[in-house]
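The plan is to start with the whole chain and then go piece by piece.

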Amino acid sequence: NSHQSSDIAVLVHSFVTPSVPVVGFGSTGAGLVNFTDMWRDQVKDSHHKAGEMMKEYEALCQGQKIQCETVLTSGYPGQNICKAIEEQRADFVIMGSRGLGPIRRTLLGSVSNYVTHHSEVPVTVVKEKGSK
């Protein structure tokens with residue numbers, strides 16, 4: 001067992017910020033619609049949901065008596081996770097895999113693949129139970 005009482009688990013989640021069209025037309029064709037407010041609401045909602053998820057993971061760690069910190073970012077997940085690895089001076093990384101198929105992985109990109117190739121510390125990728 002390599003766990004030390006001074007160890008801290010850093011939980012990092014990075015969500016993709018929704019894109020917003022610059023201008024558009026309303027469904028009635030009555031004129032231009034301001035998408036900025038809709039976009040801002042989507043970002044707030046994404047941030048809120050991610051924050052709630054992080055609270056659940058933090059509670060799981062506390063239940064196992066694991067000291068933890070949380071880092072919540074938005075933007076490009078792979079880059080943000082690598083940045084957090086550097087800033088937190090992580091010794092190693094354990095991360096999940098979304099289990100995308102080869103076509104979706106090619107189109108959307110693989111965060112775990114990005115982190116594995118750009119991290120300066122060892123990375124272990126854990127697949128969901130039952131995934132191939």
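**Entry 1: the overall layout**

I counted the elements to begin with: the protein chain has four helices and six strands. I'm keeping in mind that this is a predicted model. Going along the sequence, I wrote the order down as β-β-β-α-β-α-β-α-α-β.

Next I looked up how much is tucked away. Of the 132 residues in the protein chain, 20% are buried. The chain exposes about 10300 Å², and carbon and sulfur atoms supply 53% of that area.

I also checked how far apart in sequence the contacting residues are. Among contacts with a separation of 6 or more, 66% join residues 24 or more positions apart.

**Entry 2: helix H2 and its cover**

Which residues of H2 are buried? I noted Pro77, Gly78, Asn80, Ile81, Cys82, Ala84 and Ile85 in this helix, which runs over residues 77-87. I looked up Cys82 on its own, and its relative accessible area is 10%.

Then I asked myself what covers the buried residues of H2. The cover includes strand S1 (9-15), strand S4 (68-74), S5 and H4.

One more thing at this end: just after H2, Arg89 takes a positive phi of about 50°.

I went looking for disulfides and the structure holds zero of them. A disulfide needs the two sulfur atoms within 2.5 Å. I also noted that Cys61 is buried, at 12% relative accessible area.

**Entry 3: salt bridges**

A reminder to myself: side chains of opposite charge can pair when their charged atoms come close. How many salt bridges does the structure hold? I found three, and I took them one at a time.

Asp45 pairs with Lys49, with the closest N and O atoms 3.3 Å apart. Both sit in helix H1 (residues 35-63), four residues apart, which is about one turn of the helix. Asp45 is partly exposed at 37%, while Lys49 is exposed at 53%.

Lys55 pairs with Glu52, and here the closest N and O atoms are 3.5 Å apart. These two are three residues apart in helix H1, so about one helical turn separates them. Lys55 counts as exposed at 52% relative accessibility, whereas Glu52 counts as partly exposed at 34%.

For the last pair I went back to H2. The side chains of Lys83 and Glu87 meet in a salt bridge at 4.0 Å, N to O. Being four residues apart in helix H2, they are separated by about one helical turn. Is Lys83 partly exposed or exposed? At 49% relative accessibility, Lys83 counts as partly exposed, because exposed means over 50%. Glu87 does count as exposed, at 54%.

Which residues form a nonpolar patch on the surface? They are Phe92, Ile94 and Val126, with about 320 Å² of accessible area together. Ile94 is exposed, with a relative accessible area of 59%.

From there I moved to Val123, found in strand S6 (residues 123-126). What separates Val123 from Phe92 in sequence and in space? They are 31 residues apart in sequence and 6.0 Å apart in space, C-alpha to C-alpha.

I then listed what Val123 touches, not counting residues up to four places away in sequence: Val93, Met95, Val115 and Thr116. Val123 itself is partly exposed, at 22% relative accessible area. That puts it past the buried class, because buried means under 20%.

**Entry 4: the loop at Ser110**

Where does Ser110 lie? Ser110 is in the loop between helix H3 (102-108) and helix H4 (111-118).

I checked what its side chain reaches. The side chain of Ser110 makes a polar contact with the side chain of Ser112, at 3.3 Å. A polar atom of the Ser110 side chain also lies 3.1 Å from the backbone nitrogen of Asn113.

Technical notes: Residues numbered from 1 in each chain as written. Predicted model: local features only at pLDDT ≥ 70, side-chain atom pairs only at ≥ 80, totals over all residues. Heavy atoms only, no water. Patch = residues over 30% accessible without salt bridge, like charges linked within 9 Å, V, L, I, M, F, W, Y side chains within 5 Å. Areas by Shrake-Rupley, 256 points an atom, 1.4 Å probe, with all protein chains shown as cover. Buried < 20%, exposed > 50% of the residue type's maximum accessible area, 1.4 Å probe, protein only. Polar contact = N/O pair within 3.5 Å; in protein donor to acceptor, adjacent residues only side chain to side chain. Contact = heavy atoms within 4.5 Å.
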